[in-house]
Each structure stands twice: as C-alpha cells, then as structure tokens.
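I am opening a notebook on this structure. The entries below record what I looked up.

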Amino acid sequence: RVFSPAVDDAYVLSSAPDANYPYSGWLHSGSGPLGVYRAFARFPLPRRGQIVSAVLKMGFAGAESSLGDHLIDFVPDDAWTQTTLTWNDQPGVGERIATIERADLGAMSIDVTQLAQREQSLDGWLSLRVAGASEGAPSLPSKVARWWSRDDTNQRGFHLELTVSPAPEMRRGDVVVLSTGGLFSGVVAIDPSERVLRGVAP
C-alpha cells in the first residue's frame, strides 16, 4: 500500500475573505459564530502504475460545540496552494464525493477509487473540499468540525491509502505504509538517490 498524504491543505473563512490559513494543526469546516469555514486538501497520485484502490482517510479532531452533517466534494482545479488560498479565490467544486452524517465523523474511510483512477490519467492530482451541509448566517451553537492537518506530527492528517499495480516509481520524500500479515508495521520515507529507506515513527 502507498500512503499519500496531502501536500497542501488549508481552510478558508467567510468573515476574513482575504485571509490565508496555511499552517495550522487543525483544519475547520462548518458554520460557527465567526462565519463559514471550508477545508481543502490536495494529493499527489503515482506517476507510474495503475491505481487499483484508493481510500480517503480523514483524521477527525473534534468539534467546537455541536456537530452538523458535512459534505466532501471534488475540486477540479488543482492549481491552488495552501500558502495563497483565501475565501475570495477558493476553487469551485465538481461532483459530490460523500455526505457524512454527524454520527460518522469520528471514523472517516471513504472509497475514492474511480475518482483517483480518473485523475491519475489526467493531471496526476486529486483535490477535495470539506464543508458543512448547512451553510448560512453565523451559527450558534457552533457546528464547526476540526480535522487534523498535514502539520500534525502524528500523521493524522488527510491522506490517501492506495493500492497500485505494478509498484509505482518512488520519488524523493514519498511515504509508504509497510504491512506484515495485514498488520500495520511502520512508515518509511523514500530517498531514491541514496537508495535508503529513512524510518519515520508511525
């Protein structure tokens, strides 16, 4: 299995339309007293090999108060970056990936195989947006969900778990999940120029 973490993630906030929130331990989505939050994530896909399966994993970090349902939508435009993303220039969305009911927010595992296969054959990137199902005026009580970001040191941020056949070409910095007998056993980072697997604490 190939572990593909988001290389860009950020959130935007309606009440701060020109603000940029690129480096945070959490991403936010939903409606709260400050306005509407939306979270974005962008993933690289393997350049070689065929994706056989792709599962989206999202680390739920809790909620500010109550919880509402959330929507996960495909983002066709992969040109955005976490250091420039704002409410005013956020990309639009395409088809719906999933609707997540509040009771299911704690265990996120979503099959995105067909979408990943399609995007692999196009530009090799997959972007998505997470938003509250009910967006409107500032909400009390808050219905904002928190998600672990790519900056989380325990690697609980948004990532794809991919099965690829044949094994893809490894690039510097790629991260791979190793398993033995079906049990998770570690994570390694690849440095192909040195032919070294550099251990990363799981």
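Entry 1. I looked up Phe 158 and found it buried, at a relative accessible area of 2% (buried means under 20%, exposed over 50%, partly exposed in between, with a 1.4 Å probe and protein chains only). The model is predicted, so I note that local features need pLDDT of at least 70 and side-chain atom pairs pLDDT 80 or more, while totals for chains, interfaces and linings use all residues. Residues are numbered from 1 along each chain as its sequence is written, and side-chain values use heavy atoms, without hydrogens and water.

Entry 2. I counted aromatic pairs and got 6 (ring centres of Phe, Tyr and the six-membered ring of Trp within 6.5 Å; planes under 30 degrees apart are stacked, over 60 edge-to-face, the rest tilted). Tyr 11 and Tyr 37 form a tilted pair, with 5.9 Å between centres and 50 degrees between planes. Both Tyr 11 and Tyr 37 are buried. The ring centres of Trp 147 and Phe 158 are 6.0 Å apart and the planes are at 80 degrees, so I list this pair as edge-to-face. Trp 147 is buried, with a relative accessible area of 1%.

Entry 3. I checked which residues make up the aromatic cluster with Tyr 21, and found Tyr 11 and Tyr 37 in it.

Entry 4. I turned to charges over rings (NZ of Lys or CZ of Arg within 6 Å of the ring centre and within 35 degrees of the ring normal). The charged end of Arg 146 sits over the ring of Trp 26, 4.3 Å from its centre. The charged end of Arg 118 sits over the ring of Phe 74, 5.0 Å from its centre.
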